[in-house]
Amino acid sequence: MGDFNAKVGTDKVDDTVGKHGLGIRNERGPPIMKEEVETAIKKMKHGKGTGPDNISIELIEALEDFEIGKVTHLLNEIYDTGQIPTDLSKSIFIALPKKPGATECELHRTISLMSHITKILLKIIMLTIRNKIKPEIAEEQCGFVEDKGTSDAIYILRTLIERALEAQKDVYLCFIDYTKAFDRVRHDEIITQLKQLNIDGKDLRIIKTMYWEQTAAMRIENKTSTFQDIKRGVRQGCVLSPDLFSLYREIIMRNLENNPGIKVGGQNINNLRYADDTVLIAENKEDLQKLLNITKYKNT
């Protein structure tokens with residue numbers, strides 16, 4: 001259990017300027033409580049692969065009350081200083097085939113294996129910032145949203161088409177499939193958006209450090225590559241990724257507001273989304289092309 005006793009430096013980050021030029025203006029953030037750690041542990045899924053530290057969630061769950069207190073102390077030390085031990089900022093990527101017999105890279109999805117201690121910290125932060133992110137997500141988004149799913153998006157689209165047919169109106173649709181959408185997210189944009197939501201400084205600093213100072217290696221057939229810096233993208237397997245990706249995409253898609261789509265009950269609808277899957281909706285080719293041009297420009 002030596003990893004639990006890892007020492008975290010006490011030198012404070014310059015919150016006025018910031019290491020990467022995006023300063024954090026406050027050091028707000030309540031201390032992490034032992035009860036929060038226990039709740040986060042209970043919400044973790046069993047049977048998941050371990051990160052570079054090889055500590056499973058089952059092992060953490062088996063800790064006695066005293067050891068959970070030590071984990072809480074470690075997390076508070078990280079939270080207060082904003083400095084994450086090297087072992088906790090490392091990830092190992094594994095590629096899972098999307099269908100049997102897949103051999104090409106495009107037919108695999110990448111999963112990030114990270115320390116469960118890191119996941120506990122990020123889960124606590126996620127529960128804190130979600131209340132500020134959730135109101136920013138539009139009704140058109142059905143992915144990573146509680147009580148919504150693909151069936152909701154399909155039902156809405158089908159209803160729109162039926163209404164248009166009843167009114168003898170044309171419907172023009174453009175389905176967009178982004179290439180490696182999760183891997184193209186810009187970290188500086190995420191931090192800027194979170195700052196505008198007035199996220200507590202300590203939460204923001206942890207997210208900033210986790211994404212800008214992370215390293216990752218690739219594991220294929222039990223062989224692991226050397227660790228390299230990760231410059232952009234959100235990680236599939238990270239508990240923060242769905243919320244951060246939703247916020248990132250939301251800001252981009254807001255550029256479509258006030259552009260014509262199809263009106264239903266007096267409400268203009270020009271797009272529907274499920275995570276990165278997007279369909280643009282218009283009544284004519286010209287309006288659809290305009291929506292596509294805006295979306296393409298804002299995603300480059």
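A residue is called buried when its relative accessible area is under 20%. The model discussed here is predicted.

| Residue | Relative accessibility | Class |
|---|---|---|
| C174 | 18% | buried |
| C238 | 4% | buried |

C174 counts as buried because its relative accessibility, 18%, falls under the 20% limit. For C238 the value is 4%, so this cysteine is likewise classed as buried. With a disulfide taken as two cysteine sulfur atoms within 2.5 Å, the count comes to zero. C174 takes part in no disulfide, since the nearest cysteine sulfur, belonging to C142, is 18 Å away.

Helix α6 spans residues 187–196, and its buried residues are H187, I190, I191, Q193 and L194. These residues lie on the same side of α6, because the arc they cover around the axis is only 165°. Among the elements that cover them are α4 (116–133), α7 (201–212) and α8 (241–253). Just after α6, N198 adopts a positive phi of about 60°.

L194 also belongs to the largest nonpolar core, which has 60 residues; together with V37, L75, I120 and I207, L194 touches the most other members. Helix α4 supplies the largest share of this core, nine residues. Leaving aside residues up to four places away in sequence, I207 touches I125, I129, I191, L194, L240 and L244. Another core, of seven residues, lies apart from the largest one and includes L157, L160, V279 and I281.

Key: Residues numbered from 1 in each chain as written. Predicted model: local features only at pLDDT ≥ 70, side-chain atom pairs only at ≥ 80, totals over all residues. Heavy atoms only, no water. Buried < 20%, exposed > 50% of the residue type's maximum accessible area, 1.4 Å probe, protein only. Helix = DSSP H or I, 4+ residues; strand = E, 2+ residues; numbered from the N terminus. Arc of directions from axis to C-beta. Contact = heavy atoms within 4.5 Å. Core = buried A, V, L, I, M, F, W, Y, C linked by side-chain atoms within 4.5 Å.
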